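This report looks at one helix and at a set of charged side-chain pairs. Please keep the sequence and the coordinates at hand while reading.

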Amino acid sequence: MYRTQGHWSQPSCIPSVPCSLPQVLPLLRTLGATGLLLEYEDTFPYTGSLELLQAPHAYSPVELRALMSWAREQGLDVVPLVQSFGHMEFVLKHREFAHLREVEALPNALNPHKEESLALVKAMIDQVMALHEDLQWFHIGCDEVYYLGEGEESQQWLQQEGNTPEKLYLSHIKAVATCLASSYPMVTPIVWDDMLRGMSEAALAESGVPQLVQPMIWDYATDIDVEGKVQLIEKYRRCGFSKVWFASAFKGATGVNQSLTLIGHHLRNQLEWLHVARRSPADVLEGIALTGWQRYDHFSVLCELLPVAIPSLAVCLQALKNGGYSEQIKENVENLLGMSNLEIDTYMSTSLGTFPGNTIFTLVTEVSFYLKSSVDELLERNRYVTGWFSPYHRRKKIIHPIMMHHFQPDAVSLLSKWNAVVQDLTLAMEQVFHCCAIEEWMEENVHPTLQKLKQVVDDLDEAIKAQN
């Protein structure tokens, strides 16, 4: 996030083991970050009746306390984010909490009519607060509450005179924010603003919500409607919101299964927000969160891993800190990351750097650029494979002894090369990620192509044996 004196970043929700974080946090601070927005989802070590929310790769309390300590050492404020309305799949997917869904068949949104829903949110907040000291803000989410008003209880409620989906949404936000303020009066709740944007000023003002929360206005595009954002901020001010936040992105937001980060897209997003900031009242902006998505939602695949996006985060932070981007800022980022050539408008090459996670960055880039293309080149465009070792030949174990020598060495060599690369990447990822994250990334990005190559090599061996 960008505060008036600095910046914040939101790292990926796939947790790093503590050995990597002491190196990452000082770099973030040097680049200009002043805090961390942490959306834990199922990586928080919930206990008691909430223990089933934990994923296998959840942090332990000891790890979280270490993270808080490292953040304090770097002067980084921590803002936890706990979804309390929409994006509740990690909770509502469980049978034990399915009765709290807004729509019975859909696990995305919480039913705001049930007292147990608020009790659940309060229990989650209380457990997260217990592991965080001296907080100034707490993000309660509340974005993209899809299908709100379509549940059976909501349908009945909406039939009553004067009730609207907007009033239903605002009443739940008010209940959560009031609950938080009652237990933690020194902490200010933050909410995503997308559900508020289209509401009338009267509805917002009369709800009492503006006195309780600070909206975080998000937009991850390269062509932000600057004038529209300025008008939205003015509207929020008139409704009674004292401060607003902005939210940009340094990774994610460009493709649900993206493996590489296009720095130029995210840089332009920051520059657009700078235009909005310059046209806004100086006292209205609390900060900007540079969000780093790890998934589009709980059930989607992984997008770019955090180490792959550190160059993008560095560029974005420096652009915000310096109020723009220049050749001098580019050189500064290159020096801080130990990179010789920072590529902005194309995907980064495999050049090495010295920043934490650079080995993962380099090897993921190599896999993304060359694995599929090199295998396709051999299996689909090599005439000796397509002409003399087709799927029919492989099934019948037919191989011409002369033609075999035109591609067998290349196939074996290529498989050996990629096995070595994947082994190195796995070892590097094991220093940062839980095994389930590594397994998922490999299955999505490596195994389909590598297994295709391995199968051809195995089939070739079988065909040769059949000929002898």
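The text below treats the helix and then the salt bridges.

The model is predicted, so local features need pLDDT of at least 70 and side-chain atom pairs count only at pLDDT 80 or more, whereas totals for chains, interfaces and linings use all residues. Residues are numbered from 1 along each chain as its sequence is written, and side-chain values use heavy atoms, with hydrogens and water left out.

Helix H8 covers residues 226-239, and its 14 residues reach 20 Å from the first C-alpha to the last, close to the 20 Å expected at 1.5 Å a residue; helices here are DSSP runs (H or I, at least four residues) and strands likewise (E, at least two), numbered from the N terminus. Among the residues of H8 that are buried are Val-226, Lys-229, Leu-232 and Tyr-236, where buried means under 20% relative accessible area, exposed over 50% and partly exposed in between (1.4 Å probe, protein chains only). Just after H8, Gly-240 takes a positive phi of about 120°.

A salt bridge is a side-chain nitrogen of Lys or Arg within 4 Å of a carboxyl oxygen of Asp or Glu, and by this rule the count comes to 16. Three of these pairs are tabulated.

| Pair | N to O distance |
|---|---|
| Arg-238 and Glu-201 | 2.7 Å |
| Lys-229 and Asp-219 | 2.8 Å |
| Arg-295 and Glu-440 | 2.8 Å |

Arg-238 is exposed, with a relative accessible area of 52%, while Glu-201 is partly exposed at 31% relative accessibility. Both Lys-229 and Asp-219, by contrast, are buried. Arg-295 counts as partly exposed, at 21% relative accessibility. Elsewhere, a network of salt bridges links Lys-372, Asp-376, Glu-380 and Lys-452.

Key
Expected span 1.5 Å × (residues − 1).
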